[in-house]
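Thank you for coming; I would like to take a few minutes to go through a structure with you. Please have the sequence and the model open as I speak.

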Amino acid sequence: MQEIPSALSQTSMFSEIVAAIIEHTDEGIIITDAQGNILLTNPAFETVTGYTLEEVIGKNPNILQSGLHDHIFYRQMWNDLQEKGMWKGEIWNKRKNGEIFVEWLTIKAVKNERGETTNYVAIFSDITHHKRTIEQLTKLANYDLLTNIPNRQLFKKRLENLIETSRRHQQQFAVLFLDLDRFKYINDELGHHSGDLLLKKVASRLKQILKTKDTIARIGGDEFVIILPNLKHLREAVRVAENIIEMLKAPFSIDGKEVYISTSIGISFYPNDGNDVETLLRNADRAMRKAKKSGRNHFEVYHKELDGNGEIIVLENYLRKAIERQEFVLYYQPQMDIKTKKIYAVEALLRWNQPDIGFISPLQFIPLAEETGLIIPISEWVLKQACQDLKILHQFDQRLKMGINISAVHFQQGDFVKKVSMITEKMNVHPRSIKLELTESTVMPNARQSIDKLVELKQLGFKIAIDDFGTGFSSLSYLHKFPIDILKIDQSFIRNLSKYEGDAAIVTAIITMAHSLHLRVVAEGVETQKQYQFLEKQQCDFVQGYYVSKPMPLEELQVFLCEWNTYINTETKK
């Protein structure tokens, strides 16, 4: 740095090198005299600020000031320059056209042999886009983009904090679990767009009757939770539940039509019904289900008798015998490479056909399997069966990958890596053909331990994907530390690409961020050509959803791959 002023007046090779660096670097550069008057800028300065050298030469860099920083900020900056000879940090400035931007700025005082300041050199990078991306992702991590209220992640944080506060001050609070009655029917009849509008209006009404200190969150499709802190008496929560039921009786105007909705509500209380997040939420959920079974459109307060739910016990008994009775089956949904149009991978999806009950939704039996520990033998069966089927599929394409979902309970087992490695070795399938898909909530609670396990898996050759990305990442700063290969964007964002600019911006931000970290991106739930074209334009890597194919059993998948490969090969030769 100290050689720059004198080097500017020389014609040596060194000055040519310095000039080339200044000319071609992507960072903006300003060189001033000791009084702060601009002597030199580079092309990157002009690109970022819009000012040419001729317009700023002899002027002070304060022409860029945005007005967002007070005099104390600048005084501290100059104090650091005088005392330390350098200052660095974020600063908001203004371009020539008046647009505000944020830059990362480093200023260095250049001194002569006598220790006198002769010049200042400032180097800066425009980080506006990066800041906006982080802001978008931070909002994504904590808020439901449809209703603009807290999501499950932020709800859990607030509930954890409230439990700690209530414990210290010996206060009680209530958790209300709301599920809209007949919402699926309305969604199917009127379409997803109308369903989304209804959810937004329901959230708006709920916010109107709640106090500032209360928290409302959307934690699922049509599921909302409300926290009522510092209750003097339990009947306060009952009154709120009654008000909600009454308020939702009034019709909603959706696309010119009157739509009627009701809700079933379950209530649990701290500390009577639990002293941790999962217990309070589970008990409120159980009370809500009792309300639904009792005729809907009313509330139930949790009581311990609800724990003896006979249906759960029956389902658990069936689940314990499902593997030995060979009731499980795997369906596979293809993932297409957008560039080559070839099928890159298939995701294994578990299905349970119970002879006495019929097909049971994974949303119903997976949580029960995790709660009882049965998820571990079930997961090991899935891995073995998927490997066996993959060997058959490799007859069509040796490069085909198999995506397998990993349960949080399974992943947290101490011998998880060893067991997974043993199974693939026994099934004679190379780990490089297996893509292990884990949700954000699986890897984040114990991030450091998760990183160690993921590193081991990567060293063995497994590909690692983060599933449902965008639904609850609690520490974005950790993302680059995880040894992952792929991000899978949750389908809730893909569904609304053509409807909401916010979702489109989030999807674009995720793709940009992932590519900057050298990760590839799979978009889940792609159903329309418009969604596909948007993703193709944003250079998403892979798509998965009904636009390509529905999930299908192995026999149908073999026919599908044969026909798909034939079609692609024919198109390639044209």
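Predicted model: local features only at pLDDT ≥ 70, side-chain atom pairs only at ≥ 80, totals over all residues.

Let me begin with the second largest pocket, which holds about 410 Å³ of space. Its lining is made by 22 residues, and those closest to the centre of the pocket are Pro61, Asn62, Met77, Trp78 and Ile107. If you look at which elements give two or more residues to this lining, you will find β1 (28–33), α5 (71–84), β3 (86–94), β4 (100–111) and β5 (117–126), and the largest share, four residues, comes from α5.

Now to the helices. Two packed helices are described by the angle between their axes and the distance between those axes. How do α7 and α11 cross, left-handed or right-handed? Helix α7, residues 152–169, and helix α11, residues 277–293, have axes that come within 10 Å and cross at roughly 115 degrees, and α7 and α11 are therefore roughly perpendicular to each other; their crossing is right-handed. On the α7 side, Arg152, Phe155, Lys156, Leu159, Glu160 and Ile163 meet Val277, Glu278, Leu280 and Leu281 of α11, and by class this contact has six nonpolar, no polar and four charged residues.

The second pair is α16, residues 416–426, with α18, residues 447–460, where the axes again come within 10 Å but cross at roughly 20 degrees. That angle makes α16 roughly parallel to α18, and this crossing is right-handed. Here Phe416, Val417 and Ser421 of α16 are in contact with Lys453, Glu456, Leu457 and Leu460 of α18, a set that divides into four nonpolar, one polar and two charged residues.

Lastly, the backbone. Most residues other than glycine have a negative phi, and most peptide bonds are trans. Against that background, please look at the bond joining Tyr270 and Pro271, which is cis, with omega at about 5 degrees; Pro271 is found in the loop between β11 (262–270) and α11. Asp255, which is not a glycine, has a positive phi of about 50 degrees, and its place is in the loop between β9 (252–254) and β10 (257–259). Gln539, likewise not a glycine, has a positive phi of about 65 degrees, and you will find Gln539 in the loop between α21 (529–537) and β21 (542–544).

Conventions. Residues numbered from 1 in each chain as written. Heavy atoms only, no water. 1 Å grid on protein atoms, 1.4 Å probe; cavity = no way out; pocket = protein on both sides within 12 Å on 5 of 7 lines; lining within 4 Å. Points joined across faces, edges and corners; volume = space filled by probe spheres on them. Axes fitted to C-alpha atoms, helices over the stretch in contact; angles between N-to-C directions. Parallel < 35°, antiparallel > 145°, perpendicular 65-115°, else oblique. Left-handed = near helix turned anticlockwise from the far one by under 90°. Contact = heavy atoms within 4.5 Å. Nonpolar A, V, L, I, M, F, W, Y, C, P; charged D, E, K, R; others polar.
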